[in-house]
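Welcome! Please take a moment to look over the sequence and the model shown here before reading on.

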Amino acid sequence: MMDITRKLEILADAAKYDASCASSGAARKDSRGSNGVGSTGGAGICHSYTPDGRCVSLLKVLMTNACLYDCHYCINRRSSNVTRARFTPDEVVQLTLDFYKRNYIEGLFLSSGIIRSADHTMELVIEVARKLREVHQFRGYIHLKTIPEASQALIALAGRYADRISINVELPSQQSLNTLAPEKNLARTESAMGHIRGKIDERYAEKRKPDAPKPPPFATGQSTQMLVGADASTDAVILGCADKLYTAHRLRRVYYSAFSPIPEPSAILPLKAPPLIREHRLYQADWLLRFYDFKVEEIASANAPNLDLALDPKLSWALRNRATFPVDVNKAPRELLLRIPGLGVRNVERIVRARRYTGLRLADLIRLRLQMKKLLPFITAVDHHPAKLGLDSDSLRARFLPPPEQLEINFDAPPTPAMSDFLSVRSGEL
Amino acid sequence: MRTIVIEPEYEAWRAAARRLLAQGMAPEEVLWTDDPQEASLFVRETPAAAVQEADAIKVPAAFMDLARSVATHTDARRWGMLYRVLWRLTRGAERHLLSMATDPDVRQLQDWSKAIGRDIHKMHAFVRFRLVGVDTTTGREQFVAWFEPEHRIVRLATPFFEKRFAGMDWSILTPYECAHWDGNRLHFTAGVSRSSAPDEDALDDLWRTYYRNIFNPARVKISAMQSEMPKKYWKNLPEASLIAGLIAESTGRVQGMLETEERAAKPAPNNTYLKSLHAMNQTEAAAQNHESDPA
């Protein structure tokens, strides 16, 4: 009989390849007036950080790491020789409550290897959430991983207890899945996401009508994860897939997870992990899609399907579209300000507000702590009119490249992206 | 010149500021201080009776929020700066002032406020409760935590804990002020020393087990960790004792993974569900091929 410490070792280790860590975006609820604990609805809280730079906000574990599937990138695939373990629902419930009460975490992220069948596995996962909510009045954050092939009734039940549910697409094309994850099917995943979107829409639609009956409780959002570098998919394909999911199923987040070496590697996987900077650039591009009104084709096209690893995608775009610049910070519309390298959403808002009362000078921009070196060639201000020549010069790109010896360092801490907002990539949502 | 002693609290500043504003006292005319000793060197202000006029002063709500936050900052210049911006907003007829993030005074207040926001956020994140007992009459579990905030944020930060941990009794002890929750009332007492709080909890070991195993040695990013969890917090975090060891082992662990012999795929087990899944995949693949068939 395995003790709880050993099980936690195995089932936390087995869960760490899922990058999702968000604990924000839930409906507002708290424990006042109950005997339980838990609250959600504010900004997500990262309760700790591990030396991989990732935050710890949720107890992230698998119910079991035994699995019928054989996804080659996954340490838990049936062909792997890892030690298998399995929690009982009560063990996960107790761990969640014990950790939560000590303020180590702000919720539970529960996933599972697939045993016996999709429905059977879902039932185990749901039982944990049900006990937390109904027996212990737990009002903390719950994220449940769901299985596309599980029955709709079970997905509805999971959504009833969870704040967030998710299904991982893992790879952006069926072709890649056929090779690396033969049990997975993109069409079925998307159809399940569509069903979940319907449930979420229902929840919000009914809320808007004043005299409508209370909407069925359901999670407030869904997310997914894509693996980067395990197959030959280009960034254009990955971002295209993400964009489709954001649009068609209104996902809150797509997580990108650079494939990293695992114990028990599979024979058909690349041995070399992709540079972590690629994952970082994908997150930056994702941000441009969601908050800066960029289109996938502007960031990664058929001609240049992969992101420039040396420069952030907004700066790359600006260098390819020099005719757009310089932009006048005192006159340009908001959507054009958002295109300026070095200028994030928040500072665009600040500029738009402040320029109603004053003509902005460089000193004003410096006071906003903008990245002036990056910004200067692309803007005009009351006292700044860069020479057109500078912008046309081919050396402009070279100016922004990190010096070669710095590249290694930047690997650990990639060059600060155009928008400081990107920092929240690690901590979850805006 | 008039000197105003502020017990370091927002309400005291607010009352004094309203009075001064009503009296038309310009910012340059007022010296603000947290330190009663220093204040005794100056003439103490005598309360004036112009409060009625002060009530009529309209101040943007955003300023009051900003002031409430900045008031908890430890920088001694905050009272004066708050009064100067208040003056400019009202007497100075710059009602739009808070829209000017480029204004040096506004910028300073926003910087202070941001530091307060971060301090509160880190308190919400890094407080670690330790179980000290169970109340024999109510049956409620009792927890105590120790935390060292940078600013005087206990009153701003603790309503969060009341909402989150309503079902347990808790105290959060800090060097300058302590907060206590008993299920009915949140109340505050004077600060205490570190030794008043327990050092450990029986669950800390299990928490460290989790921390150790959720870490991925194949993607070490120490600077990212430290920018969000600066070292000054480590001494009160039970998991922080593992950090050095995890970093030191990581290279060897990854090398071990890379040297592991690759494992060939195992045949599928005899499972009904798996068979149905494979059958579904084949049907769907066939259907797709058919669709893309130009004939």
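## The model

Please keep in mind that this is a predicted model.

## Where chain A and chain B meet

Let us start with the contact itself. Chain A brings 89 residues to it, and chain B brings 80 residues. The size of an interface is often given as the accessible area lost when the parts come together. Here, about 7500 Å² is buried between chain B and chain A, with carbon and sulfur atoms giving 57% of that area. On the side of chain B, the residues that lose the most area to chain A are B:Arg164, B:Arg219 and B:Arg263; together they make up 12% of what that side buries.

## The chain B side of the contact

Which elements of chain B supply at least two residues each to the side that touches chain A? They are the helices α6 (104-126), α7 (154-164), α8 (204-214), α9 (222-228), α10 (243-259) and α11 (272-291), along with the strand β4 (141-146). The largest share is that of α8(B), with eight residues. Sorted by class, this side of chain B has 45 nonpolar, 15 polar and 20 charged residues.

## A pocket lined by chain A helices

The second largest pocket has a volume of about 560 Å³. Its lining counts 22 residues, and those nearest the centre are A:Lys29, A:Arg160, A:Arg203, A:Pro217 and A:Phe218. Two or more lining residues come from each of α3 (118-135), α4 (152-161) and α6 (186-208) of chain A. Among the elements, α4(A) gives the largest share, three residues. The lining holds nine nonpolar, three polar and ten charged residues.

## The largest cavity

How many cavities of 30 Å³ or more does a search of the whole structure find? The search finds two. The largest cavity holds about 730 Å³ of space. Its lining has 42 residues, with A:Cys74, A:Ser111, A:Asn168, A:Glu170 and A:Lys184 nearest the centre.

In chain A, α3, β7 (221-228) and β8 (253-258) each give two or more residues to this lining. By class, the lining of the largest cavity divides into 19 nonpolar, 13 polar and ten charged residues.

Methods:
Residues are numbered from 1 along each chain as its sequence is written. Chains are lettered from A and ligands numbered from 1 in the order in which they are written. This is a predicted model: local features need pLDDT of at least 70, side-chain atom pairs count only at pLDDT 80 or more; totals for chains, interfaces and linings use all residues. Side-chain values use heavy atoms; hydrogens and water are left out. Contact means heavy atoms within 4.5 Å. Buried area is the accessible area (1.4 Å probe) that two parts lose on being put together, summed over both. Helices (H or I, at least four residues) and strands (E, at least two) are DSSP runs, numbered from the N terminus. Ala, Val, Leu, Ile, Met, Phe, Trp, Tyr, Cys and Pro count as nonpolar, Asp, Glu, Lys and Arg as charged, and the others, Gly among them, as polar. On a 1 Å grid over the protein atoms alone, a cavity is a set of points where a 1.4 Å probe fits but cannot get out, and a pocket is an open set with protein on both sides within 12 Å along at least five of seven lines; lining residues have an atom within 4 Å of a point. Grid points are joined across faces, edges and corners, and a volume is the space filled by probe spheres set on the points.
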